[in-house]
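Hello,

Here is the structure we talked about. Please open it alongside this email and follow the residues as they come up.

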Amino acid sequence: MNSALQHDLNDFENILEKTKQQGLDFLNNLENIPTSNKHTIDPTRNLNAEGLGSLATLQEFKERLAPLMVASPGPRYLGFVTGGSTPASIVGDWLASVYDQNTQAIKAQGGASALIEFETIHLLLQLLELPTTFLGGFVTGATMSNFTCLGVARQWFGAQSGKDFAKNGISEPINILTATPHSSSIKTLSMLGIGSNNYTAIKTIEGNREAIDIADLENNIEKLNGKPFILISSAGTVNTADFDDFEAISKLKEKYNFWWHIDAAFGGFAAVSEKFKHLVEGWEGADSITIDCHKWLNVPYESAFYLIKKEHTQLQVETFQNSNAPYLGNPLENFNYLNVLPENSRRLRALPVWFSLLAYGKEGFQDIVENSTALALHFANALIENDNFELLAPIRLNNVCFTLKGDHNQENVGAFLTLLNDKGKVFMTPTVYQNRKGIRASFVNWRTTEKDIKIIIEQLKETVSDLNL
Ligand SMILES: *Cc1c(COP(=O)(O)O)cnc(C)c1O
């Protein structure tokens with residue numbers, strides 16, 4: 001054994017102890033660590049011939065790399081839709097690395113970690129009050145979940161005319177209907193060879209809405225003359241957290257032949273709250289659903305899952321079967337994750353979620369969701385009371401989409417947000433909503449409190465006065 005490795009092996013406990021301390025220094029100080037920074041490194045470091053060992057490397061990490069880290073798991077990072085990490089989720093994530101399982105089969109020689117993944121999906125279905133007619137699995141993020149779901153939808157589309165696209169390639173255009181798809185769904189159309197231009201944009205409901213207009217949807221369905229199609233619908237659009245009408249879509253399902261996909265990356269968690277579960281009523285009728293765990297479930301990156309109806313498992317296997325492994329036999333009998341999703345080797349990604357669900361239960365997540373939504377409302381009310389800002393959309397859930405008041409200020413929105421973010425106390429994302437430049441603040445972090453809203457409002461006021469707006 002190499003001497004650096006041998007030394008590390010002998011000193012393992014001490015190394016992990018110091019690593020834990022490094023982690024705690026970050027977590028305990030999260031409130032004071034900037035949400036953006038200007039530190040840089042010259043990323044051309046030479047590789048040393050002789051290893052430094054873990055402790056010296058940890059020291060270099062501390063000096064050179066740790067200062068690059070921003071408080072993205074902290075309470076005032078409202079950019080994108082960024083969750084934090086709860087204590088239990090970090091425990092699960094650490095142990096997933098320590099145990100280092102390759103999670104594939106439920107009856108693998110030497111391991112059964114896929115059963116832990118099954119159990120975790122079973123717990124998630126209970127959390128979200130979804131039926132056990134779905135088969136689920138973990139992927140890196142909602143993008144890959146959309147890819148997995150829409151990959152099976154593509155295979156379903158071919159099967160409607162007796163074709164096997166997975167084996168023979170796509171031989172005809174695939175009808176995709178959608179109103180306000182997330183950019184990752186469009187990227188998925190590109191990755192799946194369908195083409196990112198090749199979808200029909202359905203109107204949204206009149207007024208300040210991003211949800212699909214059911215009448216326009218039905219008009220477009222009629223134009224297809226009975227041909228099958230794939231509907232990509234939304235449970236929580238990123239700008240305004242709007243939801244398509246799933247009960248109305250369920251009714252269309254009785255009349256027309258289509259694959260119904262829901263991107264519920266963060267909005268799916270509306271289901272855990274009595275106050276908001278009406279937003280997803282009827283979603284159990286979908287063929288596939290995408291949900292992120294590194295957003296509102298507050299587990300570390302990378303974590304999301306897909307849910308696909310069990311009646312489609314054959315199509316799922318046709319899509320993802322690892323054909324270089326004929327020794328596997330019937331993939332449905334000898335279930336193996338590598339035959340139903342993009343990756344072959346996989347870490348035990350379910351473990352952080354398993355820990356989180358057991359540690360905090362349904363009520364823990366209900367509290368997180370209701371805290372986030374209450375804070376979004378509170379923040380929005382503070383904006384309304386301030387003469388410098390206006391809301392671009394009503395608050396439906398946890399996202400606040402706003403801008404500087406008045407059209408004359410449109411040209412200042414970019415500079416305003418840059419300065420606000422550069423101050424490092426809060427981080428938000430630029431957006432364009434209904435042709436107006438705006439700013440989006442998304443509340444999903446379990447640590448955020450009223451005190452943070454106060455700090456954020458002060459930061460907004462300070463930035464307005466810095467720019468003499
Ligand atoms: C965040 C998000 C995605 C993409 O998720 P990743 O986890 O970044 O891959 C897709 N859809 C919606 C609605 C999202 O909010």
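**Salt bridges, a strand and a ligand**

Arg64 is partly exposed, with 29% relative accessible area. Keep in mind throughout that this is a predicted model.

Arg64 has a partner, Glu60, and their side chains form a salt bridge with an N to O distance of 2.8 Å. Glu60 is also partly exposed, at 21% relative accessibility; the cut-off matters here, because buried means under 20%. Both residues belong to helix H3 (residues 54-65), where they are four residues apart and so separated by about one helical turn. Side chains of opposite charge can pair when their charged atoms come close.

In total the structure holds 21 salt bridges. Another of them joins the side chains of Glu129 and Lys277, at 2.9 Å from N to O. This pair connects distant parts of the chain, 148 residues apart: Glu129 is in the loop between helix H5 (113-127) and E1, and Lys277 is in the loop between strand E5 (258-263) and E6. Glu129 is partly exposed at 43% relative accessibility, and Lys277 is partly exposed at 22%. Lys277 also meets Glu274 in a salt bridge, at 3.1 Å from N to O. Glu274 counts as exposed, with a relative accessible area of 59%. Through shared partners, salt bridges join Glu129, Glu274, Lys277 and Lys362 into one network.

Next, look at strand E7 (residues 304-309). Is it buried or exposed? Six of its six residues are buried, so the strand is largely enclosed by the rest of the structure. In a regular strand the side chains alternate between the two faces of the sheet. In E7, one side carries Ala304, Tyr306 and Ile308, the other Phe305, Leu307 and Lys309, and all of these are buried.

E7 has two antiparallel pairings to look at. With strand E1 (residues 134-139) it pairs over six bridges, and Gly137 stands opposite Tyr306. With strand E6 (residues 288-292) it pairs over five bridges, and Asp292 stands opposite Ala304.

Asp292 leads on to the ligand. Which residues come nearest to the ligand? Of the 13 around it, they are Thr143, Asp263, Asp292, His294 and Lys295. A polar side-chain atom of Asp292 is 2.8 Å from a ligand oxygen atom. For His294, a side-chain N or O atom lies 2.7 Å from an oxygen atom of the ligand. Lys295 places a polar side-chain atom 2.8 Å from a ligand oxygen. On its own the ligand has 380 Å² of accessible area, of which the protein covers 83%. The shell around the ligand is made up of four nonpolar, six polar and three charged residues.

Regards

Technical notes:
Residues are numbered from 1 along each chain as its sequence is written. This is a predicted model: local features need pLDDT of at least 70, side-chain atom pairs count only at pLDDT 80 or more; totals for chains, interfaces and linings use all residues. Side-chain values use heavy atoms; hydrogens and water are left out. A residue is near a molecule or strand if one of its heavy atoms lies within 4 Å of it. A polar contact is a pair of N or O atoms within 3.5 Å; within protein, one must be able to donate a hydrogen and the other to accept it, and residues adjacent in sequence count only if both atoms are side-chain atoms. Accessible areas come from the Shrake-Rupley method with a 1.4 Å probe; for residues, only the protein chains shown count as cover. Ala, Val, Leu, Ile, Met, Phe, Trp, Tyr, Cys and Pro count as nonpolar, Asp, Glu, Lys and Arg as charged, and the others, Gly among them, as polar. Buried means under 20% relative accessible area, exposed over 50%, partly exposed in between (1.4 Å probe, protein chains only). Two strands pair if DSSP finds at least two bridges between them. A salt bridge is a side-chain nitrogen of Lys or Arg within 4 Å of a carboxyl oxygen of Asp or Glu.
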